[in-house]
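Please give a brisk account of this structure for someone new to it.

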Amino acid sequence: MASQGGAETGKEPLPPVDIKPLLTKLWPMNADVAPEDISDAISHFFTNQVTEAQTASLLMALHFTGLDFRADVLAKCAHAMLEAAVPIPVEELAACDIVGTGGDSHNTFNISTTASIIASALLLVSKHGNKASTSKSGSADMVNCMRPRAPVIAAVKPDTLVRVYSATNYSFLFAPVFHTGMRYVAPIRRQLPWRTIFNNLGPLANPVEDVLEARVIGVGRRDLGPAFAEALRSSGCRKAMIVCGEEELDEISCAGPTLCWMLKETAPGGTVEVEAFRISPSDFGVKPHPLSEVSGGKEPEENAGILKRILCGELPEEDPLMDFVLINTAALFVVSGICEADTSDMGHGDDGKVETERGPAGQRWKEGIRRARWAIKSGQAWEQWNAFVDVTNEIGA
């Protein structure tokens, strides 16, 4: 960590900020603290104005008081994190994201990253991701190993986003490029033996938050579901779904029921409410598969090889991993709203037969699966990925 007080190399150091009064309020185990006080303190983390000792103390206090699970704290701190992020000069996009908190201990394949690429066949996707912190293969680790050529994810920056999206529907937003202030916090997080509030803030702090139209967020603990849903709702989000497999899985489970919290408008432009329900593989029209059949534990190179096989349509349809990927992709399609269309004009072999059957929460989950399958079979997902690889390599050169 850089010396405390020096926010940027070559710039005058900012004055130290003493958060001892806040730490005193939190001790011992006092959760009666204003969320604004917490988010204000955390905002100074990103400018390196808080000592390592006080930074670690606040992260520990939030963990032991459970404040890092409270909706108002998450919403305020995510806002502070976004305020500190590099500004995005893009105002007219309507992007989507699918992301998980990680840390569910199941160490499955990179489902949300794969689903995000497949979804780009029909949606503009801004996938927010990072390197592994609790698993062998983080999203950035896997995409960096793609063959025959990997994208240059560090080339995706605020000033290159327009160029990227002029070439493809897909973009991978590498967190350290946009959340530059996190470099002051990362060494401290690594020294703590438990997950901190930043593990929960990451999925809530996509750098293109202002133009993010729809998202699916997986949480590894069911008690985080309502908190995430309320944090999003209070922040103005109108289309989202929080999911947690009953095994405490941060994806929609292929093995059995998944707990869901969906943000839905009561009417176009009206208030947003949260609907809680359960969904199972059968609601998507697929068979359940034990997690043991789709468990990961592989190195990034191996997962990259599997990702390529999926995008190229080389993984057999009956492979359990294929169903796992498809149901999560389908969820993003459903949340985005495109499954509500009564006609289908995707082209490239689309039979035009819309699945109108409705399941939990009154949604067309089977239509989501139909579109996800089409995205792979038509070659459109692979095409969007290759366009992303090409444009980032051009920018990187």
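G337 is partly exposed, with a relative accessibility of 30%. Here buried means under 20% relative accessible area, exposed means over 50%, and partly exposed lies in between (1.4 Å probe, protein chains only). G337 sits in the loop between helix 13 (320-336) and helix 14 (365-377). Helices (H or I, at least four residues) and strands (E, at least two) are DSSP runs, numbered from the N terminus. From G337 to H44 the C-alpha distance is 38 Å, and the two are 293 residues apart in sequence.

This is a predicted model, in which local features need pLDDT of at least 70 and side-chain atom pairs count only at pLDDT 80 or more, while totals for chains, interfaces and linings use all residues. Residues are numbered from 1 along each chain as its sequence is written, and side-chain values use heavy atoms, leaving out hydrogens and water.

**Charged pairs**

The whole structure holds 21 salt bridges. A salt bridge is a side-chain nitrogen of Lys or Arg within 4 Å of a carboxyl oxygen of Asp or Glu. Three of them are listed here.

| Pair | N to O distance |
|---|---|
| R70 and D72 | 2.8 Å |
| E213 and K239 | 4.0 Å |
| R370 and D350 | 2.8 Å |

Take R370 and D350. R370 lies in helix 14 and D350 in the loop between helix 13 and helix 14, so the pair ties together parts that are 20 residues apart in sequence. R370 is buried at 14% relative accessibility. D350 is buried too, at 18%. Salt bridges with shared partners join D350, D351, E367, R370 and R371 into one network.

R70 has a relative accessible area of 29%, and D72 has 32%. E213 stands at 39%, and K239 at 29%.

Helix 4 (residues 71-84) has 14 residues. From first C-alpha to last it reaches 20 Å, close to the expected 20 Å at 1.5 Å a residue. That expected span is 1.5 Å times one less than the number of residues. Which residues of helix 4 are buried? They are A71, V73, L74, A75, C77, A78, A80 and M81. These buried residues pack against helix 2 (35-43), helix 10 (197-201) and helix 11 (224-234). Contact means heavy atoms within 4.5 Å.

Strand 1 (residues 95-100) is mostly covered, with five of its six residues buried. Strand 1 pairs with strand 4 (residues 212-218) in the parallel sense, over six bridges. Two strands pair if DSSP finds at least two bridges between them. V99 has I217 of strand 4 as its bridge partner.

**Backbone spots**

Two cis peptide bonds come next. One runs from W27 to P28, with omega near -10°. P28 is in the loop between helix 1 (20-26) and helix 2. Another joins R147 and P148, with omega about 10°. P148 lies in the loop between helix 6 (139-143) and helix 7 (161-167).

M29 is not a glycine, yet its phi is positive, about 55°. M29 is in the loop between helix 1 and helix 2, and it is exposed at 55% relative accessibility. E248, also a residue other than glycine, has a positive phi near 65°. E248 lies in the loop between strand 5 (240-245) and strand 6 (258-265).
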